[in-house]
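Here is a short briefing on a fold and its core. Have the sequence and the model side by side.

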Amino acid sequence: MQKSFLIVLIVAIVGAFVLFQFAPTLPAYIAFVAGVIVTSLIFKLVPETSSSHATEEQYVGPTMTLYVGNLPYRVHEGEVKVLFGEFGPVNSVRLVRDRKTGRRKGFGFVEMSESGAQKAMVKLNDYSFQERTLKVREAKTQDSEAADRTCTDE
């Protein structure tokens with residue numbers, strides 16, 4: 001079941017109980033139906049102000065990808081997104097897994113707004129997160145790594 005349906009049901013039951021207490025001659029089923037109708041109207045008329053809709057939209061603008069090392073192995077993408085979301089909009093979180101075992105390797109990449117990434121690098125580098133000290137750096141592209149290798153080989 002959806003959360004909103006359960007909330008409507010619980011509020012309707014409580015509303016029916018309160019309505020039944022004020023009008024004891026009213027049949028219980030009518031009080032329940034009235035509670036459902038009133039609750040549904042309230043949910044439809046009150047605009048949603050939750051931050052979940054804002055976080056689902058992709059940030060459009062200059063972005064930066066951060067390397068995040070020394071992550072706890074039990075951490076999930078959502079937890080990392082919430083942590084970095086405090087500093088700016090996060091477009092994606094990719095936690096690297098071992099191909100053979102499927103276990104997390106303890107590092108990942110966070111794509112977020114450039115200004116938020118700068119703040120996150122300053123604040124979250126050497127930050128203690130779930131008993132691990134994070135290492136946050138700007139991620140290098142594969143092209144720049146290849147260029148670094150060819151320059152040092154010469």
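**Sheet, helix and core**

An open sheet of four strands runs in the order 2-3-1-6, with antiparallel pairing. Strand 2 and strand 6 are its edges, each pairing on one side only. From one strand to the next, the twist averages 25 degrees. The model is predicted.

**Strand 1 and strand 6**
- Strand 1 and strand 6 run antiparallel and are joined by four bridges.
- L66 stands opposite E138 of strand 6.

**Helix 4 on the sheet**
- Helix 4 lies across strand 1, strand 2, strand 3 and strand 6. Its angle to strand 2 is about 135 degrees.
- Which residues of helix 4 (residues 77-85) are buried? They are V80, L83 and F84.
- Seen down the axis of helix 4, these buried residues fall within an arc of 90 degrees, so they line one face of the helix.
- An α-helix has 3.6 residues a turn, so residues three or four places apart point the same way.
- The buried residues of helix 4 pack against strand 1 (63-69), strand 2 (90-97), strand 3 (104-113) and strand 6 (135-138), and also against helix 5 (114-124) and strand 4 (128-129).

**Nonpolar core**
- The largest nonpolar core has 21 residues. L66, L71, V80, F84, V110, M112 and V136 touch the most other members.
- Strand 1, strand 2, strand 3, helix 4 and helix 5 each supply at least two residues of this core.
- Helix 5 gives the most, with four residues.
- Leaving aside residues up to four places away in sequence, V110 touches M64, T65, L66, V68, V80, F84, V90, S92 and V93.

Note on methods:
Residues are numbered from 1 along each chain as its sequence is written. This is a predicted model: local features need pLDDT of at least 70, side-chain atom pairs count only at pLDDT 80 or more; totals for chains, interfaces and linings use all residues. Side-chain values use heavy atoms; hydrogens and water are left out. Buried means under 20% relative accessible area, exposed over 50%, partly exposed in between (1.4 Å probe, protein chains only). The arc is that of the directions from the helix axis to the C-beta atoms. Contact means heavy atoms within 4.5 Å. Two strands pair if DSSP finds at least two bridges between them. Axes are lines fitted to C-alpha atoms, for helices over the stretch in contact, and angles run from 0 to 180 degrees between N-to-C directions. A nonpolar core is a set of buried Ala, Val, Leu, Ile, Met, Phe, Trp, Tyr and Cys residues joined through side-chain atoms within 4.5 Å.
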